[in-house]
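Please read the following briefing with the sequence and the coordinates side by side.

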Amino acid sequence: MSLAMEEIKIKNLFDLTKTLAGDYLLKFTYPWEALAGIGEMIVALGATLSPEEYEKRGENIWIARDAEIAPSACINGPAIIGKGAVVRHCAFIRGNALVGAGAVVGNSTELKNVILFNKVQVPHYNYVGDSILGYQSHMGAGAITSNVKADKSLVVIHTEEREIETGLKKMGAILGDHVEIGCGSVLNPGVIIGRDTNVYPLSMVRGVVGPGSIYKKAGDIAGKAVAL
C-alpha cells in the first residue's frame, strides 16, 4: 500500500478521543466511508447522552446545557451540539451535524451532514457539507467546502498514485487534526488534507495534501520546517 493511502486512513488523520463519534469512526478505514451514516449515528448517540448534561430540543436535537446558542441560529435535526460549543448569529445547521465540544459555528455559517471534532472553528461565513473536520481544525472567513461536482458525477479522490472511486455523489472535504484553511479558500469535492497542514488564503484545493505541509497553490506545496 502506498504512503498516500496510509496517510488518508482515519487512524492517521484523527485523534478519535477528541469526538463523540470516535467509536463510530472506528468502524471504517477511510473517512468518506463514514459520511452516509452520520444521521443514524447521531440519533443512536443522542439517545445515550445524559439528560443532566444535554437538553433534547425538538426531534433528534440534543444541545449541551452549557453550549451558547444565539436566538437567531437555526438548528435542524438530527444534531448534537457538544459541551461548551458556541453557535452564533444566523448559523444554519441543516441536519446530520455533530458539533464537538468547544467548537465554534459562526455568523451565517451553514453545516450539513458533518462531523466537527472538538474545538473545530468554522466562525465566519463558511459552508461545510458532507465533510469531517478534525480536532482543532480551523476554516478562515469565507472558506467553503464544495461537495458536488459540476457535472454531478460521482466524486473521485485524486492522489499522486491513483484515483479512488468513492461511489458518492456528495463529498466535501476531510481535514485532519490541526489543519488551518486560509480565508476565501475553496476545497473541491473529495479533498483530503493531512494533519498539521496550512492552506494559504484564496486557495483552490484539489486532491490529497499530505500532513505537515504548507499549501501555497497547486504544484507549490512545501513541508513545514522541523525544529531540531
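Two strands are said to pair if DSSP finds at least two bridges between them, where strands (E, at least two residues) and helices (H or I, at least four) are DSSP runs numbered from the N terminus. This is a predicted model, in which local features need pLDDT of at least 70 and side-chain atom pairs count only at pLDDT 80 or more, while totals for chains, interfaces and linings use all residues. Residues are numbered from 1 along each chain as its sequence is written, and side-chain values use heavy atoms, with hydrogens and water left out.

**Strand pairing**

- Strand E6 (86–87) and strand E9 (104–107) run parallel to each other and pair over two bridges, and within this pairing Val87 has Val105 of E9 as its bridge partner.
- E9 also pairs with E11 in the parallel sense, over three bridges, and here the bridge partner of Asn107 is His124 in E11.
- Strand E24 (residues 213–217) and strand E25 (residues 220–223) are instead antiparallel and pair over four bridges, with Ser213 standing opposite Gly223 in E25.
- The hairpin formed by E24 and E25 has two residues between the strands, and Gly219 takes a positive phi near 85 degrees there.

**Backbone geometry**

- Most residues other than glycine have a negative phi, and most peptide bonds are trans.
- Gly77 and Pro78 are joined by a cis peptide bond with omega of about -5 degrees, and Pro78 is placed in the loop between strand E4 (74–75) and strand E5 (79–81).
- Asn96, a residue other than glycine, has a positive phi near 55 degrees and sits in the loop between E7 and strand E8 (97–99).
- Ser108 is not a glycine either, yet its phi is positive at about 65 degrees, and its place is the loop between strand E9 and strand E10 (110–116).
- Relative accessible area is computed with a 1.4 Å probe on protein chains only, and buried means under 20%, exposed over 50%, and partly exposed in between; Asn96 is partly exposed because its relative accessible area is 25%, and Ser108 is likewise partly exposed because its value is 36%.

**Buried loop residues and their contacts**

- Contact means heavy atoms within 4.5 Å, and the contacts listed for individual residues leave out neighbours up to four places away in sequence.
- Ala91 lies in the loop between strand E6 and strand E7 (92–93) and is buried, since its relative accessible area is 2%; its contacts are Ala73, Cys74, Val105, Gly106, Ser108 and Thr109.
- The C-alpha atoms of Ala91 and Ile80 are 14 Å apart, for a separation of 11 residues along the chain.
- Asn118, in the loop between E10 and strand E11 (121–124), is buried because its relative accessible area is 19%, and Asn118 touches Lys18, Thr19, Gly100, Ala101, Tyr135 and Gln136.
- Asn188, in the loop between strand E19 (186–187) and strand E20 (191–193), counts as buried because its relative accessibility is 18%, and Asn188 is in contact with Ser146, Gly172, Met204, Val205 and Arg206.

**Nonpolar core**

- A nonpolar core is a set of buried Ala, Val, Leu, Ile, Met, Phe, Trp, Tyr and Cys residues joined through side-chain atoms within 4.5 Å.
- The largest such core has 69 residues, of which Leu25, Trp32, Ile115 and Ile193 touch the most other members.
- The contacts of Ile115, beyond four places in sequence, include Thr19, Ala21, Tyr24, Leu25, Ile38, Met41, Leu98, Ser131, Ile132 and Leu133.

**Largest pocket**

- On a 1 Å grid over the protein atoms alone, a cavity is a set of points where a 1.4 Å probe fits but cannot get out, whereas a pocket is an open set with protein on both sides within 12 Å along at least five of seven lines, and lining residues have an atom within 4 Å of a point.
- Grid points are joined across faces, edges and corners, and a volume is the space filled by probe spheres set on the points.
- The largest pocket has a volume of about 410 Å³, and of its 17 lining residues Thr159, Glu160, Val208, Val209 and Ile221 are the closest to its centre.
- Helix H1 (3–7) and strand E23 (208–209) are the elements that give two or more residues to this lining, and H1 gives the most, with three residues.
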